[in-house]
Structure formats: C-alpha cells, structure tokens
Amino acid sequence: MTKQAVAEIGLVGLGTMGAALSLNIAEKGFPIAVWNRTTSVTREFVALAGDLAGRIVPAETLEALVAAIRPPRAIILMVPAGPAVDQQIAALRPLLGKDDLIIDAGNAEFHDTERRAKDAEVQGVPFIGMGVSGGEEGARHGPAIMGGGPKVAWERVAPILTAISAKFEGTPCATWMGPGGAGHFVKMVHNGIEYADMQMIAELYGVMRDGMGLSADQIAPIFECWNAGPLKSYLIEISGAVAHAKDPETGKPMLDIILDAAGQKGTGRWTAIEAQHLATPVPVIEAAVAARNVSARLAARKAGEAAFGPAPQPLPAGALSDDDLEKALIAGKILCYAQGFEMLATASTSFGWGVPLPEVAKVWRAGCIIRSAMLNDMSQALEQDPARNLILAPVFAEHLSRCHTALRKVVATASLHGLPVPALAAGLTWFDMMRTARGTANLIQAQRDYFGAHGFDRLDGLDIHHGPWAGHQ
Ligand code: 6PG
C-alpha cells in the first residue's frame with residue numbers, strides 16, 4: 001500500500017478508544033490512515049495490528065496523514081475532550097480543503113461542540129460532533145454512535161459509521177441526531193442515565209448486602225436471574241459477573257475488596273447541570289450524581305458513622321423478597337428513562353434540533369453501556385407517540401402499575417432500616433408528584449406573593465392576582 005491518498009478515512013489519537021475504533025474500521029474493509037502525537041505509539045499500533053495492518057496507513061506527521069486520505073477527506077479525532085480537541089482542529093484545518101470533514105468522536109461537552117460547529121460554519125467547513133458509547137470493547141467490535149452536525153456531512157461518512165457500529169437484530173446503531181451539538185447532547189444524556197442505572201443497581205446491592213445479609217456469591221445469581229427478565233441489560237449482566245468474581249490475590253469476592261468511592265469524568269454531572277438550565281426534572285440522575293459525590297467523601301462518611309452510629313440495619317426476615325427488589329428496579333428504571341427522554345425532548349425543542357427520539361432509543365439498543373431489552377419497547381412507544389411521556393405509554397404504564405407498590409415497599413423498608421436508596425426514592429417521589437393533580441405549589445405561590453408580590457393565578461379564574469396580605473411585606 002502506498003502512502004498517497006489510499007485511505008478512505010483518517011484518525012487522530014491512538015489511545016485505547018482510538019486504537020480500537022481504527023481496528024474496527026480497518027476490519028470492516030475501509031483503509032484508514034492514523035496519526036498519534038507520539039510516533040512510537042503509531043508504530044507500535046501498526047506492528048500489533050496483525051492481518052489488519054495492510055489496511056492501515058501509519059502517518060508520522062499530520063501532513064502525511066492528510067496526504068494519505070482520499071479527498072474529500074474525513075478525519076476522526078479521538079483525543080481527550082476539552083482543549084486538546086481545539087488544538088487538534090487548529091493544527092489540522094490549515095492542512096485541509098474546504099470539503100474536508102473533521103469528526104470529534106470524544107466525550108465532548110455539547111456546548112463546546114456547538115461552538116466548534118459554529119466556527120466551522122463561519123469558515124464554511126464541515127464538522128461533526130459524535131458521541132460513541134460502548135467502551136473499548138464497543139469501539140473495537142461495534143459501538144453505538146450518535147452523530148451531530150450538518151446532515152450532508154453525516155451522510156458522507158454514514159456508510160463507514162454504520163458498518164462499524166453495533167447492530168440490533170441487523171439494524172445499525174449509528175444515527176444522525178440533529179445539527180450542532182445534538183449528537184454529543186444525546187451521548188451526555190446517555191451517560192446521565194448510565195449513572196442512574198448503575199446507582200439504582202448499587203442501591204439494591206446495598207439492600208441485599210447490608211439489609212438481607214447476602215454475600216456477593218448469593219447476590220450474583222439474583223442479578224443473573226433478573227437478566228433473564230424485563231431487566232435484561234448489559235449493566236445487570238456485568239453486575240452478575242462482577243459479583244461472582246474472586247480476587248486472584250486473596251481469593252475473596254472482588255466486591256468485598258474494592259474501595260467504595262466512585263470516580264467520574266463528569267458527563268453525568270453535565271446532564272444534571274444542563275437539566276437545571278432547561279428546567280426539566282431529572283431527579284433520578286441528579287440523585288445518582290450526588291451519590292457519586294457522597295461516595296467520594298470517605299473520611300466524612302467515616303466521621304458520620306462514628307458520630308451517629310452506622311446507618312444500615314439488618315432487615316427482619318422476609319421484609320423484602322427478590323421479587324420486590326426486581327420490581328422496584330423495573331419501576332425505577334422506567335421512571336429514570338422517562339425523565340431522560342423528557343429532557344431530550346425539551347432540549348430538542350429549545351435548541352431547535354429535531355432530535356428523533358425513537359431513533360435515540362433504537363441506537364441505545366445495542367453497543368452502548370445502557371443497552372437493554374427495555375429500550376426496544378421504548379423505541380416502539382416513542383414511535384407511536386414521541387410527545388407522550390414514557391410512563392403513559394401502555395406497555396410502561398402496565399409495568400409501573402404492577403411494580404410501583406414494590407418500589408414504595410423497598411424505598412420505605414430501606415429508609416426505615418438506614419439503607420440509602422437515593423435514586424430509587426427520587427424516582428418514586430417524582431412518580432407520585434406526576435400523579436398528583438392538585439399539588440402544593442399553591443403555598444409556594446402564596447409565599448412568593450406575600451414576600452415579593454410575585455402574583456398568582458386563581459383556581460376560579462378571577463382576575464385577582466394578589467392575596468389579602470398586601471402591606472405585610
Ligand atoms: C460509554 C461510557 C463512557 C464513559 C465511562 C466513564 O458510553 O462508553 O459512557 O463514555 O466515559 O463510562 O464515565 P465516568 O468516568 O463519568 O463514570
């Protein structure tokens with residue numbers, strides 16, 4: 001293979017994700033030119049590419065990378081989100097033609113993508129911000145891909161992106177989500193939901209471990225059993241595998257030796273922050289982000305336990321069954337996704353993106369971290385009526401009617417015994433608010449009017465907007 005314009009696509013950044021994505025692209029039959037800031041990494045990557053090396057053009061300079069790609073070019077950036085993306089775009093643009101496309105495939109903050117998209121528009125050059133989910137394994141063998149930017153630019157690279165994406169029963173999990181930052185926004189909400197899914201599973205793990213006194217070995221088959229029902233999903237599957245695993249050093253269950261302080265790169269936090277900006281309620285995700293932050297405060301938690309005594313108490317025998325826990329998680333999961341999709345709908349309207357909600361659910365059915373059987377039902381429910389909240393779709397309304405009593409029982413029982421279940425409780429409370437036609441904000445309106453003459457509307461429709469407390473301020 002010569003180094004002159006033979007590659008159909010280029011990639012910058014051969015870290016874990018970039019390397020895996022490059023091999024995936026080469027494996028699907030597309031010659032790819034690759035470049036990494038450290039040349040030895042590029043050389044090592046090609047040396048280890050085996051049979052696929054014949055379809056990989058290693059470039060030692062950005063000029064060589066550009067020369068190796070057939071115009072109009074497409075170059076994927078897989079570099080750390082943030083300033084590195086801007087630096088890479090600035091370094092590449094002068095070497096590229098007007099039709100050459102840059103695709104940022106990192107976990108960019110969507111406002112950054114919006115800014116880069118606007119810059120590209122001003123320059124008259126194409127730019128795509130693309131969310132990629134599925135970790136290293138997904139990138140190598142089939143990720144879920146959420147694209148954003150000019151549709152014509154997406155369509156140019158769609159044959160490659162759909163070929164490398166995960167497939168759900170033959171349907172590629174790669175879709176254009178809208179202009180500008182829409183793709184990265186969808187990926188951000190995916191990650192918010194990822195945090196919430198993980199947190200709710202961890203809360204029930206806590207109920208089983210601390211409330212029911214179950215060992216990791218006893219918990220593993222419960223997760224496995226759930227994975228054969230409505231909760232079938234990647235995260236439940238790996239939770240079962242993790243609960244089974246033993247530490248090679250000590251022979252103890254891995255779960256019993258891992259420090260209980262969760263890390264985060266911040267995408268879940270972005271979801272919570274953006275939900276606040278959009279005034280769209282995502283309390284399950286917010287609770288999950290807060291719980292990660294609490295988990296990281298180890299010393300403070302130890303001091304709290306020393307001061308007040310340990311919170312978790314054993315549950316009386318038979319207080320909760322496996323079935324209660326499974327149903328609680330089914331309800332919690334539906335409530336969390338209902339909030340996530342409502343957030344997507346709000347953002348889509350507010351930013352004028354036209355995000356195809358059923359397509360979002362379809363793309364998430366395979367390849368990504370939150371893939372699950374339920375997402376197939378969600379895609380169908382959203383196809384029937386994209387404007388309807390998921391809790392009102394017949395299939396989910398039926399699940400909720402069947403499961404919300406168990407969610408209430410789990411949250412109440414856990415709370416009475418000091419077992420923290422913040423995300424499940426947030427879901428339950430949101431659900432109860434959502435079916436309370438006469439809420440309590442009438443008092444808040446009265447208070448606002450009392451101290452600030454903010455005014456209110458009356459139930460009887462009379463054109464009087466202030467209370468009899470005028471002059472009390
Ligand atoms: C994915 C994941 C991935 C994310 C990790 C870690 O979809 O493949 O969402 O993009 O970076 O899950 O995220 P945190 O460090 O924030 O937990």
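**A close look, starting from the domains**

Modeller: The C-alpha centres of domain 2 and domain 3 are 39 Å apart. This is a predicted model, and its domain assignment gives domain 1 as 9-180, domain 2 as 188-434 and domain 3 as 440-473. Let us begin with the second largest pocket, which has a volume of about 310 Å³. Its lining is made up of 13 residues, and Asn442, Phe456, Asp457, Arg458 and Leu459 are the ones nearest the centre. Sorted by class, the lining of this pocket holds five nonpolar, four polar and four charged residues.

Ser22 sits in helix H1, which covers residues 16-27. Ser22 counts as buried because its relative accessibility is 0%, under the 20% cut-off. Its side chain reaches the backbone oxygen of Gly18 at 2.8 Å. Beyond residues up to four places away in sequence, Ser22 touches Leu11, Leu14, Ile32, Val34 and Phe45.

The other residue is Ile103, found in strand S5 (residues 101-104). Ile103 also has 0% relative accessibility, so it counts as buried. Once neighbours within four places in sequence are set aside, its contacts are Ile75, Ile76, Leu77, Ile128, Met130 and Val157. If you want a distance to check on screen, Ile103 and Ala174 are 14 Å apart in space, C-alpha to C-alpha, and 71 residues apart in sequence.

Notes
Residues numbered from 1 in each chain as written. Predicted model: local features only at pLDDT ≥ 70, side-chain atom pairs only at ≥ 80, totals over all residues. Heavy atoms only, no water. 1 Å grid on protein atoms, 1.4 Å probe; cavity = no way out; pocket = protein on both sides within 12 Å on 5 of 7 lines; lining within 4 Å. Points joined across faces, edges and corners; volume = space filled by probe spheres on them. Nonpolar A, V, L, I, M, F, W, Y, C, P; charged D, E, K, R; others polar. Helix = DSSP H or I, 4+ residues; strand = E, 2+ residues; numbered from the N terminus. Buried < 20%, exposed > 50% of the residue type's maximum accessible area, 1.4 Å probe, protein only. Polar contact = N/O pair within 3.5 Å; in protein donor to acceptor, adjacent residues only side chain to side chain. Contact = heavy atoms within 4.5 Å. Domains from an automatic or database assignment.
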